[in-house]
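Subject: Structure handover

Hello,

I am passing the structure below on to you.

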Amino acid sequence: MGIFTLERGNREGHQAADVLARTRSLLDPALRTAVETLPGSLRRVSGYHFGWWEADGTPSAAGSGKAIRPALVLAAAQAMGGRPAEAVRAAAAVELVHNFTLLHDDVIDRDETRRHRLTAWKVFGATEAILAGDAMHSLALRTLAEDGHPAAPGAVRRLADCVVELCAGQQSDCAFEQRNDVSPAECLEMAEAKTGALIGCACAIGALYAGADESAAQAMDAFGREIGLAFQLIDDLIGIWGDPAVTGKPVGADLAARKKSLPVVYALGSDTKEAVVLAGLYALERPMTAEELLAAAAAVDGSGGRAWAQTASCERMAAAIGHLSAAVPDPTAADDLLALAELVTRRNH
């Protein structure tokens, strides 16, 4: 881990909150300007998804998410000696891509709530939500293509390649739901494509906007991918043990949906009595009862799935710090990036 350390405690939590707040102040005007260019129905669905207004168009106080990915764009630009304000359009493009995937994921997974309220497809229908997601994808690429920054063309290519990888990861995720022999290694590969790719892309684009060379951009991409895997491991734990007041989803939501999340895949392949219990519950052809959901969570825990995911998350964080050390020799320059990296593994679960 070199000169960097993960033992940063509450100071990083406050710093991450400050970074996210600064990001929001720069990002939101750019996002709103972009979304306002969409035709009526697409604009209405998109604004609802972002939490700006209700389904009828009246203003809403709903949240728009933490904006971790655009924050990584700006923090990476700063760490590499650039000016974050010059990378705002790039940060907005990354956030638009992220939200396009959320709109589609909610339809695919049939998730009914996000950010403590009904998902867009539940309010407007699956067709409207899918089309709004498609529009956001195109809007992201247009936002970058119209940016006059010299790094914009390279950023467009990276973001376009990233979307293809995201789609491949989503396809694998869906395919795994039909298989009973998915290994943790396969699941991690899928998670890197589905989650790590965009976080890595965000960090690499931030580096490019600071004038970094390809080698440094690749190191930042690797840093982000490892952060993405740590993020996914923790997110999967939250999907089982997360507090509904924090997640906005019912307790055990991933188990109820029979998702082959990372701790579940580890548990199913653990050759333990708990694995047999979990497999039996996942094979039920009816919704699990509240008691069965608790039993499933206990089986994942008892088989070692929970401990494995926690340990793997820490290992990914350590690997991320190694890549960051190669790209940014001065640890003080990377303070914001480190604070954001720490944030993703300290969420409530």
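The notes below go from the whole chain to single residues.

Please keep in mind that this is a predicted model.

Overall shape

The protein chain contains 16 helices and two strands. Its radius of gyration is 20 Å, close to the 20 Å that the globule rule gives for 349 residues, so the chain is as compact as a globular protein of that length. Among contacts with a separation of 6 or more, 74% are between residues 24 or more positions apart.

Surface and charges

The protein chain exposes about 14600 Å², and carbon and sulfur atoms supply 55% of that area.

Nonpolar cores

In soluble globular proteins, nonpolar side chains tend to be buried together. Here the largest nonpolar core has 84 residues. The members that touch the most others in this core are Leu-96, Leu-159, Ile-205, Tyr-209, Met-220 and Leu-337. Leaving out residues up to four places away in sequence, Leu-337 touches Leu-72, Ala-75, Ala-76, Ala-79, Met-220, Phe-223 and Leu-324. Another core, of 30 residues, lies apart from the largest one; Leu-188, Leu-237, Ile-240 and Ala-312 are among its members.

Ala-151 sits in the loop between helix H6 (126-145) and helix H7 (152-176). Ala-151 has a relative accessible area of 11%, under the 20% cut-off, so it counts as buried. Its contacts beyond four places in sequence are with Leu-208 and Tyr-209, and Tyr-209 is one of the core members listed above. Ile-205, also on that list, is 54 residues from Ala-151 along the chain, with 8.1 Å between their C-alpha atoms.

Helix H2 and the residue after it

Helix H2 covers residues 40-50, and its buried residues include Val-45, Ser-46, Gly-47, Tyr-48, His-49 and Phe-50. Just after H2 comes Gly-51, with a positive phi of about 85°.

Most residues other than glycine have a negative phi. His-116 has a positive phi of about 70° and lies in the loop between strand E1 (113-114) and strand E2 (117-118). Arg-258, with a positive phi near 60°, is in the loop between helix H11 (253-256) and helix H12 (262-268). Arg-258 is buried, at a relative accessible area of 14%.

Two further positions

Is Ser-303 buried or exposed? Ser-303 has 9% relative accessibility and therefore counts as buried. Its place is the loop between helix H14 (290-302) and helix H15 (305-327). Apart from neighbours within four places in sequence, Ser-303 is in contact with Tyr-266, Ala-267, Ser-270, Thr-272 and Glu-274.

Asp-235 belongs to helix H9, residues 214-241. With a relative accessible area of 29%, Asp-235 is partly exposed. Its C-alpha atom is 27 Å from that of Leu-139, which is 96 residues away along the chain.

Regards

Terms used: Residues are numbered from 1 along each chain as its sequence is written. This is a predicted model: local features need pLDDT of at least 70, side-chain atom pairs count only at pLDDT 80 or more; totals for chains, interfaces and linings use all residues. Side-chain values use heavy atoms; hydrogens and water are left out. Buried means under 20% relative accessible area, exposed over 50%, partly exposed in between (1.4 Å probe, protein chains only). Helices (H or I, at least four residues) and strands (E, at least two) are DSSP runs, numbered from the N terminus. The radius of gyration is taken over C-alpha atoms; the globule rule is 2.2 Å times the number of residues to the power 0.38. Contact means heavy atoms within 4.5 Å. Accessible areas come from the Shrake-Rupley method with a 1.4 Å probe; for residues, only the protein chains shown count as cover. A nonpolar core is a set of buried Ala, Val, Leu, Ile, Met, Phe, Trp, Tyr and Cys residues joined through side-chain atoms within 4.5 Å.
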